[in-house]
Amino acid sequence: MDLNAIKTFCRTIEAGNMTAAAKALHITKSVASRRLQALEEDLGVRLLQRATRGVSPTDEGALFYERCQRILDDLDDAQQAVKHASDNLVGHIRVTAPRSFADLHLRKAFIAFMKLHPAVTLELNLTDERVDIVSGGYDLGFRITSNLDDSALIAKKVAPMRFHTVASPDYLKEYGTPQTPDDLRHHKCLFYANVSANQQWRFLDGSQMKSVRVTGPMMSNSGTLQLEAAINGLGVATLPHFFLHDALEDGQLVTILDDYIKNESALYALYPEKRHLPLKVRTLIDFITSWFTQPQHQKCL
């Protein structure tokens, strides 16, 4: 059997559709289709149920996938072991990460990693929107979250992330300083569109979490725009420290409700549960994790 056809089959199962699998393998959809058809003809069984929305394995396909994926994992380990023996990490890694955080901090870490491993190629999709790592065919995703609700992914905590509720001195002078989360009901708030329930802000009240419904003049999928709006006195915002560091240092913004903030979010490295973690991906995760343990990088998180 053609090893490329087996790889195409396994990636199609993981992605749930042929288009995403073809993209992950850097081939066209028609090539992927021909490989799968040839594989089914070689085996004499139907491996995939094809539908408009995607594909799913038949009983025979599920059994074949389980065995083949173990074989591909072993081959990848063997390949990486030989390459790593000469300290020459090689391969292609598809990564997705938050654009705002990458522009400010991760970009330097990625560049440092590539200088250390020049034979590795990175394909980076930087976006603040939530990306489906499995169907997108990514080897790895970085995500800032407090809610790991995707059972199809394995998560490794890379670094804790602090959040603050902030406003400009001019805004607080005009509208007053909120003393409790409930006071925010009477303030102008700035929302981050990429967070579910973005008008329900959560705070720690004693030992319990409570939600406060807030309203305001602006909703945006850009943390940078939220930051600028808060600095210019348009309202109250809740943002991660990596956005706020400079504005807090120079007094353009001040934190409020500090006793009610529960910093439970973190930067996580996520990868598909069904996929063995290749050495190149594991090395990248370890590198990024180590990067953010360094004091000069830690202070901005």
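Good morning. I begin with a definition: contact here means heavy atoms within 4.5 Å. Helices (H or I, at least four residues) and strands (E, at least two) are DSSP runs, numbered from the N terminus.

The structure above is a predicted model, in which local features need pLDDT of at least 70 and side-chain atom pairs count only at pLDDT 80 or more, while totals for chains, interfaces and linings use all residues. Residues are numbered from 1 along each chain as its sequence is written, and side-chain values use heavy atoms, with hydrogens and water left out.

Five strands, in the order 11-8-12-7-13, make up an open sheet with mixed pairing; two strands pair if DSSP finds at least two bridges between them. Strand 11 (215-220) and strand 13 (254-256) are at the edges with a single partner strand each, so one side of each has no neighbour in the sheet. From one strand to the next, the twist averages 40°. For such angles, axes are lines fitted to C-alpha atoms, for helices over the stretch in contact, and the angles run from 0 to 180 degrees between N-to-C directions.

Within this sheet, strand 8 (residues 188-192) pairs with strand 11 in the parallel sense, over 4 bridges. There, Leu190 is found opposite Met218 of strand 11.

Two helices accompany the sheet. Helix 7 (residues 223-231) lies across strand 8, strand 11 and strand 12 (236-240), and runs at about 165° to strand 8. Helix 8 (residues 241-249) also packs on the sheet, where it touches strand 7 (163-167), strand 12 and strand 13. The direction of helix 8 makes about 115° with that of strand 12.

Which residues does Gln226 touch, not counting those up to four places away in sequence? Gln226, which is placed in helix 7, touches Leu190, Phe191, Tyr192, Met218, Ala237 and Leu239. Gln226 counts as buried because its relative accessibility is 1%; buried means under 20% relative accessible area, exposed over 50%, and partly exposed in between, with a 1.4 Å probe and protein chains only.

I now come to the hairpin. Strand 9 (residues 200-205) and strand 10 (residues 208-213) pair in the antiparallel sense over 6 bridges, and Leu204 stands opposite Met209 in strand 10. These two strands form a hairpin with 2 residues between them, and Gly206 in the turn has a positive phi of about 70°.

Next, the nonpolar cores. A nonpolar core is a set of buried Ala, Val, Leu, Ile, Met, Phe, Trp, Tyr and Cys residues joined through side-chain atoms within 4.5 Å. The largest has 43 residues, and Leu106, Phe142, Leu284, Ile288 and Phe292 have the most contacts inside it. Leaving out residues up to four places away in sequence, Leu106 touches Ala97, Phe101, Phe142, Ile288 and Phe292. Apart from this core lies another, of 18 residues, including Ala22, Leu47, Tyr65 and Cys68.

His105 belongs to helix 5 (residues 99-116). At 15% relative accessibility, His105 counts as buried. Beyond its neighbours within four places in sequence, His105 is in contact with Phe242, Trp291, Phe292 and Cys300.

Finally, how many disulfides does the structure hold? It holds 0 disulfides, a disulfide being a pair of cysteine sulfur atoms within 2.5 Å. For Cys10, the closest cysteine sulfur is that of Cys68, at 5.2 Å, which is too far for a bond. Cys10 counts as buried, at 0% relative accessibility, and Cys189 counts as buried, at 0% relative accessibility. Thank you.
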